[in-house]
Amino acid sequence: VFLNKAAEELTQWSAAEAMGHKVNEVCKLEGIDSGSPVALPANDAFKGAGKVEAPSHAVLERRSSGKSLVEVSYVFVAKGASKRIGAVLFLRTFENR
């Protein structure tokens with residue numbers, strides 16, 4: 001997992017601390033209404049799923065304290081036309097809007 005400065009602030013993980021952890025350990029997302037864990041699209045994509053659905057909004061459980069409503073989007077990184085080699089997960093908070 002690689003985190004930029006904005007992701008560090010949002011998740012409350014430093015980039016150094018996040019390294020070596022799975023993305024679902026660093027970005028714990030829950031359904032807005034259900035409170036159930038949300039599967040991250042990158043995890044399913046690497047298991048061979050073709051089209052991968054992700055919620056447009058979720059609740060992010062921050063590492064130290066609190067939760068934030070976030071907008072979720074992602075893009076896959078591919079090598080060639082079909083081999084997925086990574087994914088970029090974008091989270092945008094609704095705080096300070």
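pLDDT is the predictor's confidence in each residue, on a scale from 0 to 100. This is a predicted model, so a ground rule applies: local features need pLDDT of at least 70, side-chain atom pairs count only at pLDDT 80 or more, and totals for chains, interfaces and linings use all residues. Residues are numbered from 1 along each chain as its sequence is written, and side-chain values use heavy atoms, with hydrogens and water left out.

Confidence, then. The protein chain averages a pLDDT of 83, and 84% of the residues score at least 70. Helix H2 is highest, at a mean of 95, and helix H4, residues 41-45, is lowest, at 60. Where pLDDT is low, the predicted coordinates should not be read in detail. Helices (H or I, at least four residues) and strands (E, at least two) are DSSP runs, numbered from the N terminus.

Now the sheet. Four strands make an open sheet, ordered E1-E2-E3-E4, with antiparallel pairing. Two strands pair if DSSP finds at least two bridges between them. E1 (28-30) and E4 (83-93) are the edge strands; each has a single partner, so one side of each lacks a neighbour in the sheet. From one strand to the next, the twist averages 50 degrees. That angle is taken between N-to-C directions, from 0 to 180 degrees, with axes as lines fitted to C-alpha atoms, for helices over the stretch in contact.

Pair by pair. E1 joins E2, residues 57-61, through three bridges. Leu-29 has Leu-60 as its bridge partner there. E2 and E3 pair over five bridges. Glu-61 is bridged to Lys-67 in E3. These two strands form a hairpin with five residues between them, and Gly-66 in the turn has a positive phi of about 85 degrees. E3 and E4 pair over ten bridges. Val-77 sits opposite Gly-86 in E4. Their hairpin has three residues between the strands, and Gly-80 takes a positive phi near 75 degrees.

Is Val-72 buried or exposed? Buried, at 9% relative accessible area. Buried means under 20%, exposed over 50%, partly exposed in between, with a 1.4 Å probe and protein chains only. Leaving out residues up to four places away in sequence, Val-72 touches Leu-29, Ala-58 and Phe-90, among others. Contact means heavy atoms within 4.5 Å.

Most residues other than glycine have a negative phi. Gln-12 is not a glycine, yet has a positive phi of about 70 degrees. Gln-12 lies in the loop between H1 (5-11) and H2 (15-18). Gln-12 is partly exposed, at 26% relative accessibility.
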